[in-house]
Each structure stands twice: as structure tokens, then as C-alpha cells.
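Subject: Structure for you to look at

Hello,

Please find the structure below. Open it next to this email and follow along.

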Amino acid sequence: MSDIAVLVPVGLLVGTVMGLLGAGGSILTVPALLYLVGQDAHAATTTSLLVVGISAAAGVVPHHRAGRVRLRDGAAFAVTGVAGSAAGSLLTRGLDEQILVGGFAVLIAAAAVVMLLRRNAGTPTPGRGRAATWQVLATGLVVGLVTGVFGVGGGFVVVPALVLVLGYSMPDAIGTSLVIIVVNAVSALATRLAVTDVPWGVALPFAGATVFAVLVSSTFADRVPSEKLTTAFALMLFVVAGVTGYGAI
């Protein structure tokens with residue numbers, strides 16, 4: 001089977017998930033590049049950053065037009081998140097890897113449970129959903145620390161933080177998370193490109209299929225009830241927690 005025959009359908013799947021849930025890009029992209037295309041870990045993670053970054057940037061457009069993106073909050077969250085991630089990476093030195101991975105699995109599962117418990121809440125409660133700047137910055141810093149410590153991150157960490165801590169509605173959290181993913185991907189790529197070449201023959205068709213699916217699926221995000229989006233996202237978190245926890249055993 002040719003790479004194109006694999007990349008296009010996987011790209012469509014990745015883009016659909018990202019457009020509807022604001023997360024899941026790297027979770028699907030990296031394994032596909034590793035096991036279906038045969039890239040090594042460095043090439044797969046670099047290609048994933050490029051594909052997910054481009055796709056998230058494309059997804060911001062329809063979400064923003066629909067009023068589901070808070071650009072200022074997203075940018076502020078992302079900047080402090082990058083700083084927190086760098087600090088978190090330093091904190092992991094000397095810590096047992098199995099404990100770190102297991103702790104992350106528990107954290108993600110707990111977030112999924114809380115989101116399911118609150119999925120019928122509908123719109124944010126009065127006074128929530130319009131967080132003060134310091135709250136956005138502090139949450140971004142904490143999320144950055146978490147992703148730095150556990151070595152993973154993205155929308156599946158950001159979206160629960162926006163919903164559970166800052167009181168965003170699920171559609172707003174999905175749209176805003178794409179802004180944060182773009183900043184995170186660009187900052188990570190800036191360090192990767194100096195030492196790793198991008199396999200453009202793989203990255204371009206993959207990104208093309210993903211962008212197409214993101215643009216299409218994003219237009220349907222406001223037609224799906226918020227509680228269904230929350231349920232789907234929570235189920236994805238359980239899958240991530242299960243796979244991550246199994247890897248820690």
C-alpha cells in the first residue's frame with residue numbers, strides 16, 4: 001500500500017476529530033506515521049507538529065467566524081503555557097518515568113469523569129466563561145507545567161482546562177484550543193527544524209487531507225449539541241488515559 005493511500009484517509013480522520021473536538025491530532029497522527037508509514041520517532045513527531053499546526057490554523061478560521069474563538073485569551077494561555085512547559089520539563093529530571101506516565105493517565109481520566117458529570121450543564125453558569133486575564137495566564141501556566149512534566153499535551157489537556165477551570169462552553173473551548181495548538185506547534189517546530197528535516201512528500205499530502213477535513217467538520221461544530229461534544233471528548237480522554245496507563249504498566 002502506498003503512503004498516499006494511507007495518508008489521505010488518516011488525514012481526513014485527524015482533521016474531522018480536530019475540527020469537531022479541538023484535539024486528538026497528535027494522538028492519531030504520530031501512531032499512523034510510525035506504524036503505517038514507517039517513519040522513525042523523530043520524523044513522525046516533527047511531521048505531526050507541522051501537520052497539526054497547519055490544520056489547527058485552518059480550523060481557527062471557521063470557528064472564529066462563528067464566534068467560537070477567544071483570540072486574546074488563547075494567545076495569553078499559549079504564551080504562559082510554553083513557559084510552563086519548559087519549567088515542567090526541568091522538574092521531571094530524576095523522576096521515575098512509570099510514575100509520570102501513570103500519573104498523567106489518572107489526571108486525564110479524572111478530567112473525563114468531571115466533564116461527563118457536567119455535560120448537561122449547558123451554557124456556563126453566570127459569572128463564568130469570562131475569565132479575568134490573571135486566571136487565563138495562571139491556567140495556561142499550570143497546564144504548561146502539566147504537559148512539560150508528563151511529556152505530552154495538546155487539545156486534550158487544554159480543552160478540559162478551558163471548560164472546567166475557566167468556565168468556557170464546549171464550543172468556545174474547542175475553537176480557542178486550536179489557537180493554543182497553533183502556538184504550541186510553532187514553538188516546538190522552531191527547535192525541531194534546526195536538527196530534523198521535514199519529509200515533505202509525507203507532510204504535504206497528509207496536511208492537505210487534514211486541512212480539508214478540519215474546514216468541513218468545523219462548520220458542523222455548532223450544529224452538534226454541546227453535551228454530545230462533551231461526551232465525545234470525554235470518551236476520547238478515557239481512550240487516551242487507558243492507552244497511556246497501559247504503557248506505564
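Here is what was found in it.

This is a predicted model, in which local features need pLDDT of at least 70, side-chain atom pairs count only at pLDDT 80 or more, and totals for chains, interfaces and linings use all residues. Residues are numbered from 1 along each chain as its sequence is written, and side-chain values use heavy atoms, with hydrogens and water left out.

The overall picture: the protein chain has 10 helices and zero strands, where helices (H or I, at least four residues) and strands (E, at least two) are DSSP runs numbered from the N terminus. Of its 249 residues, 47% count as buried; buried means under 20% relative accessible area, exposed over 50%, and partly exposed in between, with a 1.4 Å probe and protein chains only. Among contacts (heavy atoms within 4.5 Å) with a separation of 6 or more, 84% are between residues 24 or more positions apart.

The axes of helix 1 (residues 3-21) and helix 9 (residues 200-218) come within 7 Å and cross at roughly 35 degrees. Axes are lines fitted to C-alpha atoms, for helices over the stretch in contact, and angles run from 0 to 180 degrees between N-to-C directions. By class, this contact of helix 1 with helix 9 has 15 nonpolar, seven polar and one charged residues. Here Ala, Val, Leu, Ile, Met, Phe, Trp, Tyr, Cys and Pro count as nonpolar, Asp, Glu, Lys and Arg as charged, and the others, Gly among them, as polar.

Helix 3 and helix 8 (residues 170-192) pack at about 145 degrees, their axes 8 Å apart. Their contact has 14 nonpolar, seven polar and one charged residues.

Ser 55 is found in helix 3 (residues 41-65). Is Ser 55 buried or exposed? Ser 55 is buried, with a relative accessible area of 0%. Leaving aside neighbours within four places in sequence, Ser 55 is in contact with Met 18, Ala 207, Thr 210, Val 211 and Val 214.

Last, the cores. A nonpolar core is a set of buried Ala, Val, Leu, Ile, Met, Phe, Trp, Tyr and Cys residues joined through side-chain atoms within 4.5 Å. The largest has 33 residues, and those touching the most other members include Phe 77, Met 170 and Phe 233. A second, separate core of 21 residues includes Ala 44, Ala 56, Leu 178 and Phe 206.

Regards
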